[in-house]
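Q: I have a new model open and would like to learn how to read it feature by feature. Could you walk me through it?

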Amino acid sequence: MGQASVQTIISEFGQAVQQREAQMQRRNSWKQKNVTPSFLPAGMGQDRQQDRANVPIAVQGVCPTSADRLLYTLEAGEVGGIFTLERFAPAVQIGGAAKPELRPQTREKRLFHSADFKVDRVDFHPEYQLIACAAIAKDGTANIATMPVNAVHLALATEGDSIDLAPKWIPGFRRAIVFQSAGIGRDGTGQIIEQKHSTIEQLDLDRQEVITLASDPKYDLLSPQMTADGTLYYIRRPYRSLRQRVRFSQILKDFLSIPARLVSAVFAWLNIFTRSHTGKSLLSASPSPHVNRHQMVVLGRLVDVATEMERNSRFGDADSPSLVPRSWELIEQFPHREPKVIGHGVLAFDIGAEGQIVYSNGSAVYGIIPGGVAQRLVVDRPIEQVVLLDLDNHLN
């Protein structure tokens, strides 16, 4: 695996969305020039226009359907959809005879897209040719949905005021799915103010029933997968309520920091005023106005990556510390047995048909064959999802 070359594939659909947004910004740029406040420094208005033109493109889930085709969900601004990426060897005409090119090419095909909701995580059932995914509505709820691979509309399989995510087909003849689910609470205006701990549910589409496979009020149980023999794998992390209790010490700390924050606000205003009139900053090196790049949202939770890497550098490989707390554990649970921890600081994993396991701590990918120990396969960051395509040639 270390000798294999890395191939970056850019979504044509995502590029088209970005290009349309950039063209729209250019057409409307004359309007923006007239409304830019005079007190802003030169160039600040253009920076904001560029930020709006750079539509974020994110692949939320990937799943192989065959040796030459990947199924994935894509989020492009307000639009989300399901796509396939096919690898093929196009024929070229050489001397009157068609011969395949040596280097395979890829072709993107859109199966479904919508601006009404976003699509997250996807899995494919090869026998029934069914796609399972999570459909995230604008009101914050998420439901499990299915769709035949040759259809154009999703059919919701779960409903209710809950967040149902990470569907995965259970191997076997039944049409059954495991997924994570968390109930939510709202205030009088409809805003989400609480989210319960995530449980692991099993949805049987043939029997039209849902049963709870695992639940613990102290933990969120996430990204479940089940093997043919009934063994359940999932990520377990400590549950944290949205309603954090406000401690007196935190109130006192905030009160004492008010003078410093006022001074900082006044200085920031004076700095903007000085730059707008002289073109120079009060500081020789002005701080970047961008968001803290050491934070990222992982499995629905904001994580301070820099802090976690520093804490976890004492454990395992020093050059690839986990980006998430070590309390995020990979769990193996055999039927009628107690859960077993097989990995710490895990944010993504996948299970092979022969029981192989690959998982990521965000900085590296590790592999485990049945009865073996974890081997590091690749180092990179951030790695937010891993998908097992073919492990036989890499773990011997």
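A: Let us go from the whole chain down to single residues. Keep in mind that this is a predicted model.

Q: Happy to start there. How many helices and strands does the protein chain have?
A: The protein chain has six helices and 25 strands. Of its 396 residues, 37% count as buried. The accessible surface comes to about 24,100 Å², and carbon and sulfur atoms own 53% of that area.

Q: What share of the contacts with a separation of 6 or more joins residues 24 or more positions apart?
A: Such pairs account for 43% of those contacts in the protein chain.

Q: Now a helix, please. How does the span of H1 relate to the expected value?
A: Helix H1 covers residues 12-27, which is 16 residues. From first C-alpha to last, H1 reaches 23 Å, close to the 22 Å expected at 1.5 Å a residue.

Q: And how do I read which way a helix faces?
A: The general idea comes first: an α-helix has 3.6 residues a turn, so residues three or four places apart point the same way. In this model, the buried residues of H1 are Phe-13, Gly-14, Val-17 and Gln-25. Viewed down the axis of H1, these buried residues fall within an arc of 115 degrees, so they line one face of the helix.

Q: Which exposed residues sit on the face of H1 turned away from its buried side?
A: That face carries Glu-12, Arg-26 and Arg-27.

Q: Next, the nonpolar cores. Which residues of the largest one touch the most other members?
A: As background, nonpolar side chains in soluble globular proteins tend to be buried together. Here the largest nonpolar core has 16 residues, and Val-298 and Val-386 touch the most other members. Strand S18 (295-298) and helix H6 (305-312) each supply at least two residues of this core. A second, separate core holds 14 residues, including Ile-82, Phe-124, Met-147 and Leu-154.

Q: What does Val-298 touch, leaving out residues up to four places away in sequence?
A: Val-298 touches Arg-237, Val-303, Val-324, Trp-328 and Leu-347.

Q: Where does Thr-141 lie?
A: Thr-141 lies in the loop between strand S8 (130-137) and strand S9 (142-148). With 7% relative accessibility, Thr-141 counts as buried. The side chains of Thr-141 and Asp-139 make a polar contact at 2.7 Å. Leaving aside neighbours within four places in sequence, the contacts of Thr-141 include Ala-135, Gly-160, Ser-162 and Arg-186.

Q: Could we follow that contact to Ser-162? Which strand holds Ser-162?
A: Ser-162 lies in strand S11 (residues 162-169), and at 10% relative accessibility Ser-162 counts as buried. The side chain of Ser-162 makes a polar contact with the side chain of Asp-164 at 3.3 Å. Ser-162 is in contact with Thr-141, and also with residues including Ser-181, Ala-182 and Gly-183. The C-alpha atoms of Ser-162 and Ala-182 are separated by 5.6 Å, although these residues are 20 residues apart along the chain.

Technical notes: Residues are numbered from 1 along each chain as its sequence is written. This is a predicted model: local features need pLDDT of at least 70, side-chain atom pairs count only at pLDDT 80 or more; totals for chains, interfaces and linings use all residues. Side-chain values use heavy atoms; hydrogens and water are left out. A nonpolar core is a set of buried Ala, Val, Leu, Ile, Met, Phe, Trp, Tyr and Cys residues joined through side-chain atoms within 4.5 Å. Buried means under 20% relative accessible area, exposed over 50%, partly exposed in between (1.4 Å probe, protein chains only). Helices (H or I, at least four residues) and strands (E, at least two) are DSSP runs, numbered from the N terminus. Contact means heavy atoms within 4.5 Å. Accessible areas come from the Shrake-Rupley method with a 1.4 Å probe; for residues, only the protein chains shown count as cover. A polar contact is a pair of N or O atoms within 3.5 Å; within protein, one must be able to donate a hydrogen and the other to accept it, and residues adjacent in sequence count only if both atoms are side-chain atoms. The expected span of a helix is 1.5 Å times one less than its number of residues. The arc is that of the directions from the helix axis to the C-beta atoms.
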